[in-house]
Amino acid sequence: MKIYFHTNNKATRDALQKCGVRNVFISFKYSHDISTFSDCFDNIFISTNSKTDREKYYDFLKREKEHYTYATQYYVDNNMSQTYDIFKEEMNMGLNTLPVLEEDYVKHLSLLGGKSNHICIGKMHGRFDTEDSIKKLPTNLKYHGMGKGKYLTKNCFDSVDTSLWISAAMAKKFEIWYNNSTIKIDFRKDGKLTEPVLKYYCDLYKDNMEKIGINWHGVQERHYYTLLKLPIALYYMPICKYLNSYSDNFIK
């Protein structure tokens, strides 16, 4: 299982690099300096949707192909037919993009008719329908879950991308992985009750915190760059060890 961590600026790029992260996910609209990212990470996943300029995306893919590992097709959220038609056009153009399943995963996959063995799972309305459709996908293909960080332990995908790692710094809440389950931490409420719990897990994962250059004092002070890296030490490093995929995701 490979995790592609979202990064869109220098702060997140530097934080991930200091954490020894191998794989990053970059939206096309933030990819203007992609060479600075390719120098820092092993694998780079590029993606865009219909909110950006299609021709500029294609020009970028041709011009910068040595700087990224994978790129999704240009896709339209929740529109299977239009997304499929675009992928056919990209194939005819010779672009080596990955198809994105939208709206109805099983039906969309049948339209592809074996044109790719590496598939990205996009958006679908309704959590129950989404999970049910994922379970119905054939197991002989390689799947990437787009924005499917919550599916890390469900054995659904070969890789996922996630922006949830930024939540401690931005939303003041995140999760800790312990004893094969998640523990939710929210700095916005019950601060005094949260503090001893947080201290316990920071002590438990002290080695991880030291690896990435943060400490308990920075957590107490709610230092932005400490909080930015904290979920890596308390959630992603432990869960990768649980999944036996630590070396796929970290160099430290």
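Which backbone oxygen lies 2.8 Å from a polar atom of the side chain of Lys-229? The oxygen belongs to Ile-212. This model is predicted, and the distances and accessibilities below are computed from it.

Lys-229 sits in helix α11, which covers residues 224-242. Lys-229 is buried and yet has no salt bridge. Asp-14 is the nearest side chain of opposite charge, and it is 9.9 Å away. A salt bridge requires a side-chain nitrogen within 4 Å of a carboxyl oxygen, so at 9.9 Å Asp-14 does not pair with Lys-229. What the side chain of Lys-229 does have is the backbone oxygen of Ile-212, 2.8 Å from one of its polar atoms. Apart from neighbours within four places in sequence, the residues in contact with Lys-229 are Ala-15, Lys-18, Cys-19, Ile-212, Gly-213 and Ile-214.

Asp-14 has a partner elsewhere. Asp-14 forms a salt bridge with Lys-10, with the closest N and O atoms 2.7 Å apart. The two residues are four apart in helix α1 (residues 10-18), which means that about one helical turn separates them. Their surroundings can be compared by accessibility. Asp-14 is buried, with a relative accessible area of 19%, whereas Lys-10 is exposed at 54%. The pair also belongs to a network of salt bridges that links Lys-10, Arg-13 and Asp-14.

The model contains twelve salt bridges. Among them is the one between Arg-63 and Glu-64, where N and O are 3.4 Å apart. Glu-64 counts as buried, with 16% relative accessibility. Another joins the side chains of Asp-132 and Lys-136, at 3.1 Å from N to O. Here Asp-132 is partly exposed, with a relative accessible area of 29%, and Lys-136 is exposed at 55%.

Cys-19 is in no disulfide, and the nearest cysteine sulfur, that of Cys-240, is 12 Å away. A disulfide needs two cysteine sulfur atoms within 2.5 Å. Both residues are buried: Cys-19 has 0% relative accessibility, and Cys-240 has a relative accessible area of 0%.

Note on methods: Residues are numbered from 1 along each chain as its sequence is written. This is a predicted model: local features need pLDDT of at least 70, side-chain atom pairs count only at pLDDT 80 or more; totals for chains, interfaces and linings use all residues. Side-chain values use heavy atoms; hydrogens and water are left out. Buried means under 20% relative accessible area, exposed over 50%, partly exposed in between (1.4 Å probe, protein chains only). Lys and Arg count as positive and Asp and Glu as negative; His and the chain ends are not counted. A polar contact is a pair of N or O atoms within 3.5 Å; within protein, one must be able to donate a hydrogen and the other to accept it, and residues adjacent in sequence count only if both atoms are side-chain atoms. Contact means heavy atoms within 4.5 Å.
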